[in-house]
Amino acid sequence: MRQGMWSEKYPDLGANPLPTEPYISEEHFALERERVFRRSWLQVGRVDEIPDAGDYFVRDIAICNASILVIRGSDGVVRGFHNVCSHRSNRLVADERGSCGGALFCRLHNWAYSDTGELVGVPNEENFFGLDRRDHGLTPVDTDIWQGFIFVHLAPDPAETLRNYLGGVADRLDSCPFHEMKLSQVYRVEERANWKVVLDAQNEVYHLPYQHRWTLGQSFAKDDTGNCYFKEILLYDYHSFWSCDYQSFQKLTPLKIALFYGGDTAGALHVPDMVGDLDHYLLFPNGILSLFKVGRWMGCITYMLWPVAVDRTIWEIRMHFSAPATRRERLQQEFFKCFIRDTLQEDTLAHESVHAGIASGVRSHLILQDDELPIRHFHKVLGDYAGYGRRA
Amino acid sequence: MNEPLLPDAFGDLAPFADWALEPERARTEKRAAASMDEIRAFYDAMILRIDDILAYLEDDFGGDMPAEAHRLYLMSLSLVEIATLVEFYKEREAVDACDPLRYASQF
Ligand code: FES
Ligand SMILES: [Fe+2]
């Protein structure tokens with residue numbers, strides 16, 4: 001009997017509807033900026049994006065007006081800096097990614113910084129007033145790495161380490177072979193929706209057989225009422241986890257048969273400790289990491305939600321796959337990538353449609369059922385963290 | 001020198017060689033611009049030969065894929081690109097999604 005089972009497991013979350021105001025109010029958005037995004041570890045990318053000394057990428061965290069430069073130094077260490085020149089605050093690096101041959105130059109007055117962030121060159125240096133280069137390196141941002149994922153924290157002195165912050169999620173995934181996976185595609189789409197609308201939609205499976213009736217909705221196990229369900233839900237201090245299984249009878253198509261029912265599947269990658277066919281982690285506040293396994297390779301999809309304004313979000317979808325052993329496996333990965341991408345384009349349409357409905361102000365609350373419990377948990381954590389009701 | 005467009009055994013697919021595109025964005029744009037009839041004709045031609053194509057592409061070509069084999073490989077990626085439309089939605093009208101060109105891709 002599934003009815004109410006998750007609420008029974010997690011009775012503290014209650015059964016109240018969710019107020020719509022936090023999705024549309026500028027005040028709530030401001031609290032999220034100051035108390036959540038400025039005070040959380042945020043995932044910004046992977047170490048394999050910057051394999052060599054001098055490689056860098058820039059990550060804009062629009063909600064905090066921040067631009068972060070993540071660069072691998074000639075000492076091999078990955079560091080994060082504010083992408084701001086120490087002279088008169090010009091944005092230092094203009095491109096999204098690249099590789100510098102040992103030094104970065106500000107285009108305005110040509111101050112030069114080493115790939116480890118020191119100020120190493122100042123034109124007409126004698127004309128400054130007792131300028132000590134050692135005091136004017138790039139402004140560092142707390143940066144840490146877990147399993148190849150790079151995180152930054154914008155607060156001057158983070159209250160907790162990345163490891164503590166990840167807590168039980170890190171414990172579960174410490175032995176997952178992320179290092180075997182390579183970033184294969186990144187999609188970026190700007191949506192007319194609050195970031196929480198986007199997150200909620202990726203945090204339940206209730207909609208799968210309905211909204212995704214033609215696509216992913218046919219892939220996951222359903223109960224005797226025809227609804228998709230969670231095999232497990234685990235809740236952590238900040239984060240949450242749920243898991244699903246594939247349907248045992250998949251919809252077969254000529255291309256799927258050709259790609260997946262031929263070839264060799266020996267030598268499968270060992271993925272320890274997966275609960276279901278799809279394991280889905282929400283990394284508070286704005287990240288999702290989902291894992292799935294197909295034949296002998298595995299895939300990891302991460303989402304990053306970057307709020308731009310209360311009604312604008314950049315959704316970044318990143319696909320990582322373990323190295324394909326054959327071209328058939330490469331085409332299998334292409335199949336998953338395109339199929340998931342096409343499904344997520346259905347979601348994009350729905351996010352904007354839901355946001356428009358909420359913004360119309362017709363309904364003061366959203367109603368949640370038992371299988372939408374992960375959404376309830378996220379909003380509870382967010383509400384506690386942002387202290388919507390609390391004065392600054 | 002006259003290079004073959006496609007490997008000898010796949011000469012019958014030559015009319016569809018304009019689907020040999022990279023990167024992914026180029027295939028997505030082709031899919032968006034093509035009519036459903038064009039997409040179905042490409043799908044029908046490719047799916048008949050897909051087992052042979054996959055077997056052919058298992059070859060490692062001594063580490064260096066010749067241009068005509070690479071073209072066939074890119075056409076297979078295009079087959080995957082359009083597969084959701086043909087095998088799942090069946091009709092463009094059934095697609096209830098945002099404009100696919102809104103998704104900017106990196107690779
Ligand atoms: S602002 Fe960068 S060198 Fe002057
Ligand atoms: Fe969805």
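**Close-up views of a predicted two-chain model**

**View 1. Strands β3 and β6 of chain A sit side by side.** In this predicted model, strand β3 (residues 55-61) of chain A pairs with strand β6 (residues 97-99) of chain A, antiparallel and over three bridges. To find your place, look for Tyr56(A), which stands opposite Gly98(A) in β6(A).

**View 2. β3(A) also pairs with β4(A).** Here the pairing is again antiparallel, and it takes in six bridges.

View 3. Strands β4 (residues 66-72) and β5 (residues 78-82) of chain A run antiparallel and are joined by five bridges. Val70(A) stands opposite Gly80(A) in β5(A). The hairpin of these two strands, β4(A) and β5(A), has five residues between them, and in it Gly76(A) takes a positive phi near 85 degrees. Next comes strand β10 (residues 140-146) of chain A, which pairs with β5(A) in the antiparallel sense over two bridges. Look for Phe81(A) and its bridge partner in β10(A), Pro140(A).

View 4. Which residues have the most contacts inside the largest nonpolar core? They are Ile68(A), Leu69(A), Val70(A), Phe151(A) and Leu305(A), in a core of 87 residues. The largest share of this core comes from β17(A), which gives eight residues. Domain 1 (5-20 + 168-386) and domain 2 (39-163) of chain A each supply at least three residues to this core. Zoom in on Phe151(A): leaving out residues up to four places away in sequence, Phe151(A) touches Trp41(A), Leu42(A), Gln43(A), Val44(A), Asp144(A), Trp146(A) and Leu162(A).

**View 5. Domain 1 of chain A meets domain 2 of chain A.** Chain A is split into domain 1 (5-20 + 168-386) and domain 2 (39-163). Their C-alpha centres lie 32 Å apart. Where they touch, 16 residues of domain 1 are in contact with 13 residues of domain 2. On the domain 1 side, the elements giving two or more residues are α5 (168-173), β12 and β17 (297-309) of chain A. β17(A) gives the largest share of that side, four residues. Sorted by class, the domain 1 side has 12 nonpolar, three polar and one charged residues.

**View 6. Here is chain B as a whole.** Chain B has three helices and one strand, and from the N terminus on they run α-α-α-β. Along its principal axes, the C-alpha trace of chain B spans about 45 × 30 × 25 Å. Of the 107 residues in chain B, 29% count as buried. Take the contacts in chain B with a separation of 6 or more: 77% of them are between residues 24 or more positions apart.

**View 7. Chain A and chain B come into contact.** How many residues of each chain are in contact with the other? The count is 27 residues of chain A and 29 residues of chain B. On the chain A side, β12, α8 (254-260) and α9 (327-359) are the elements that give two or more residues. α9(A) gives the largest share of that side, with 13 residues. By class, the chain A side has 12 nonpolar, eight polar and seven charged residues. Strands take part too: β12(A) and β1(B) pair in the antiparallel sense over two bridges. To find that pairing, look for Arg188(A), which stands opposite Ala104(B) in β1(B).

**View 8. Helix α1 of chain B has a buried face.** Which residues are buried in helix α1 (residues 24-33) of chain B? They are Glu24(B), Arg27(B), Thr28(B) and Arg31(B). Seen down the axis of α1(B), these buried residues fall within an arc of 100 degrees, so they line one face of the helix. What covers the buried residues of α1(B) includes β12 (181-191) of chain A, along with α2 (36-57), α3 (67-89) and β1 (104-105) of chain B.

Note on methods:
Residues numbered from 1 in each chain as written. Chains lettered and ligands numbered in written order. Predicted model: local features only at pLDDT ≥ 70, side-chain atom pairs only at ≥ 80, totals over all residues. Buried ≥ 20, exposed ≤ 12 C-beta atoms within 10 Å, placed from the backbone. Arc of directions from axis to C-beta. Contact = placed C-beta atoms within 7 Å. Nonpolar A, V, L, I, M, F, W, Y, C, P; charged D, E, K, R; others polar. Pairing = 2+ DSSP bridges. Domains from an automatic or database assignment. Core = buried A, V, L, I, M, F, W, Y, C linked by C-beta atoms within 7 Å.
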